[in-house]
Amino acid sequence: MPNWMFEKSRGVALRLPAVAALVLALAACTTTRPAPPEGPRIDQSYVRMYGPVQDDGWNVSAIDVSKVDPRYLRQMVDYNSPYPAGTIVVDPYERFLYLVMENGKAMRYGIGVARSGMEFAGKAEVARKAAWPRWTPTQAMIKREPDRYGKVADGLDGGVSNPLGARALYLYKNGRDTLYRIHGTNEPWSIGKAVSSGCIRLFNQDIIDLASRVPPGSRVVVLNRSQSGQGTVPNGPMAAGPLTGAAASGGLS
């Protein structure tokens, strides 16, 4: 073999171990790379609870529960209340609505409330319920935001684009309409915030659930600021875990 060929083959032979070492080093880097951090674990019962709903011909979109503060998801909590089972207690300052149940429990729902403070506090009753209700802005709303509400002064038919959402509970006091409603919303991002024009809004999935649990005539108590937090157990309501059985299906315990 000519010297030049010998030297070339010898150089290749010398380089092979170096190449193999480099490959092994790269492989080692690949196998020891830490796994990317996992996102927050989502309870699949909540994914199902806030999944898409077909209701009276309307399609209610799913809620991305990964983007919702878990406090505002529907859950059974410990709740010490002086009110009998079946009473709705609204705490607009804590952004919760409680449906009082037996044995120191309540079903808790996250709510959105008025931006400028409450327009009603005290006791009332659910005079009637409506599915996919028609909505007409009040004169106060039109005066306050004419560009937004003036163009719908004659009202809107029920549907997914209606501000009252899938259900509305109409609150009366001493036989008179308080103009205060507990209703759904087409703005799910508003739950837990103070953005609405005076009424109490819930996720559409939650107002459908709540409306199925409370008959007309049900008592409603809307707390004022000094009463906020009333009934919560020490250190706040403690979730009792995913809903099952009657609680999940809509029956009072």
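Modeller: Buried means under 20% relative accessible area, exposed over 50%, and partly exposed in between, with a 1.4 Å probe and protein chains only. This is a predicted model, in which local features need pLDDT of at least 70 and side-chain atom pairs count only at pLDDT 80 or more, while totals for chains, interfaces and linings use all residues. Residues are numbered from 1 along each chain as its sequence is written, and side-chain values use heavy atoms, with hydrogens and water left out.

Biologist: Is Tyr 50 buried or exposed, and what is its relative accessible area?

Modeller: The charged end of Arg 74 sits over the ring of Tyr 50, 5.7 Å from its centre; the criterion is NZ of Lys or CZ of Arg within 6 Å of the ring centre and within 35 degrees of the ring normal. Tyr 50 itself is buried, its relative accessible area being 0%.

Biologist: Which geometry do the rings of Tyr 50 and Phe 203 adopt?

Modeller: Rings of Phe, Tyr and Trp (its six-membered ring) pair if their centres lie within 6.5 Å; planes under 30 degrees apart count as stacked, over 60 as edge-to-face and the rest as tilted. The whole structure holds seven aromatic pairs. For Tyr 50 and Phe 203 the centres are 5.5 Å apart and the planes stand at 70°, so the pair is edge-to-face.

Biologist: How many residues apart in sequence are the parts that this pair ties together?

Modeller: Helices (H or I, at least four residues) and strands (E, at least two) are DSSP runs, numbered from the N terminus. Tyr 50 lies in the loop between α2 (44–49) and β1 (53–55), and Phe 203 in the loop between β12 and α5 (204–213), so the parts tied together are separated by 153 residues.

Biologist: Which residue of β13 stands opposite Ala 124?

Modeller: Strands β8 (residues 122–131) and β13 (residues 219–222) run antiparallel and are joined by four bridges. Opposite Ala 124 stands Val 220.

Biologist: Which ring does Arg 128 lie over?

Modeller: Arg 128 is placed over the face of a ring, at 3.7 Å from the ring centre. The ring belongs to Tyr 170.

How values were computed
Two strands pair if DSSP finds at least two bridges between them.
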